[in-house]
Amino acid sequence: MNQLQITEADLQAYVDGALTDARRGEVEDYLAAQPDEAERVRAYLTQKQALRSLFNPVLDEPLPENLSVLASPPSATAVDRLRKPLLARWSLQRIAASLLIALVSGLAGWLVHDRYPPAESLARTSPLPRRAAVAHAVFSPDVRRPVEVSAEHEDQLVAWLSKRLGTPVRPPKLGALGYELIGGRLLPGNVGPVAQFMYQDASGQRLTLYVSTENAANQDTAFRFAQEGPVNVFYWIDGKFGYALSAGIDKSKLALVATAVYDQIDHK
Amino acid sequence: MESHAILAEIPRLRRYARALLGDRAAADDLVQDTLERAWSRFHQWQAGSDMRAWLFGIMHNLRVDQLRRPRLPTHSIDEDDSDVPTRATQNDGLELRDLASALGHLPDEQREVLLLVALEEMSYADIAATLDIPIGTVMSRLSRGRERLRSIMEGQPQTANLKVVR
């Protein structure tokens with residue numbers, strides 16, 4: 001046998017059983033005459049077997065659910081289920097960032113084309129109904145994640161928002177009017193945190209209650225009405241609290257809800 | 001039909017990803033991303049062609065994308081939080097004798113080829129197609145990877161006098 005003909009590729013293929021019978025015979029002759037090479041080839045064979053012993057047990061592990069559902073084309077529900085870990089991993093920050101950008105740009109847009117002179121508008125804070133309407137417009141169309149904490153965890157929601165706002169806040173119950181709480185979130189106000197509670201009726205119509213504790217002037221007001229594009233807003237000031245109820249529904253219907261909200265709030 | 005074919009490949013994808021990445025959570029994430037991409041591109045799969053090679057190709061491309069992307073160094077929270085080194089271990093050989101850890105010391109490209117050969121028993125030609133590299137490159141990565149793994153396991157310094165392979 002001509003040993004010069006045996007290449008490194010032949011030796012690798014020998015380890016992997018990829019040679020023809022004739023060629024394998026030639027390689028074996030070569031290895032018989034080259035103990036170092038024979039030892040190397042034996043080491044590779046051992047290595048290959050060891051890798052299989054090390055990792056083959058993975059084949060028998062039960063599949064985690066997020067993988068087994070992917071054996072079928074993702075349906076709407078399957079996608080929802082398997083998206084959760086993804087959300088937890090990284091999308092949430094992106095979503096939050098984009099919502100924040102949307103919110104800030106929305107506010108900025110409103111401020112810039114506003115009736116206030118530009119120089120003054122930077123120094124001023126934007127009024128309650130406008131902030132509430134922007135928050136409503138940004139979050140209420142969100143199908144997947146309209147709220148940060150859902151109504152299933154209402155206790156946690158109340159405890160969390162109360163803690164962050166530094167005063168007890170509690171979502172009113174509007175079930176009698178057909179609106180059920182779906183959850184709430186914390187938002188940046190003019191100088192600190194504000195809370196937003198979101199409700200939905202059977203038809204999917206959403207309504208948000210914006211609660212701010214930033215009212216230093218302590219001037220109580222009666223109900224006031226504002227319209228920001230398609231969003232109607234009822235708002236009032238009660239002590240340090242500012243409330244704004246926003247929805248894309250008739251003024252008269254919204255007034256009914258606003259009255260119900262007002263009635264349920266503890267007045268100081 | 002395709003569901004069965006894909007389901008059958010998931011354990012193999014997991015085994016390969018686990019060996020490649022060495023971390024269970026990261027490996028299953030890679031498998032999940034692979035399956036999602038496979039479904040989103042299912043129309044590109046040609047009925048009758050090799051489903052496994054197609055899936056492994058997708059996983060390889062995702063992995064390449066991941067490695068290209070600058071990333072934050074992350075740590076699995078649930079595992080290996082206790083492996084604080086208490087002495088210098090670089091040359092001590094004991095730790096490296098552990099095969100999994102030795103495997104982690106191979107360059108990614110060598111580890112890939114080595115694992116496709118050892119675990120998947122793919123032919124060299126299939127590996128070349130899956131990784132989209134010439135078959136000569138498959139052979140040289142395999143040869144270098146095996147030798148490197150051997151020297152790590154035997155605690156030898158790297159030997160550089162390998163024959164050049166076309």
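How many salt bridges are counted between chain B and chain A? The count is 5, a salt bridge being a side-chain nitrogen of Lys or Arg within 4 Å of a carboxyl oxygen of Asp or Glu. One pairs A:Arg52 with B:Glu121, with 3.3 Å between the closest N and O atoms.

This is a predicted model, where local features need pLDDT of at least 70, side-chain atom pairs count only at pLDDT 80 or more, and totals for chains, interfaces and linings use all residues. Residues are numbered from 1 along each chain as its sequence is written, chains are lettered from A in the order in which they are written, and side-chain values use heavy atoms, without hydrogens and water.

Now the interface as a whole. Contact (heavy atoms within 4.5 Å) links 41 residues of chain B with 39 residues of chain A. The two chains bury about 3500 Å² between them, 61% of it on carbon and sulfur atoms. Buried area is the accessible area (1.4 Å probe) that two parts lose on being put together, summed over both.

Next, a helix of chain A. Helices here are DSSP runs (H or I, at least four residues), numbered from the N terminus. In helix H1 (residues 8–15) of chain A, 7 of the 8 residues are buried, so the helix is largely enclosed by the rest of the structure. Buried means under 20% relative accessible area (1.4 Å probe, protein chains only). Among these residues are A:Leu11, A:Tyr14 and A:Val15. The buried residues of H1(A) pack against H2 (21–33) and H3 (35–55) of chain A, and also against H6 (124–131) and H7 of chain B. After H1(A) comes A:Gly17, with a positive phi near 60 degrees.

Technical notes. Buried < 20%, exposed > 50% of the residue type's maximum accessible area, 1.4 Å probe, protein only. Helix = DSSP H or I, 4+ residues; strand = E, 2+ residues; numbered from the N terminus.
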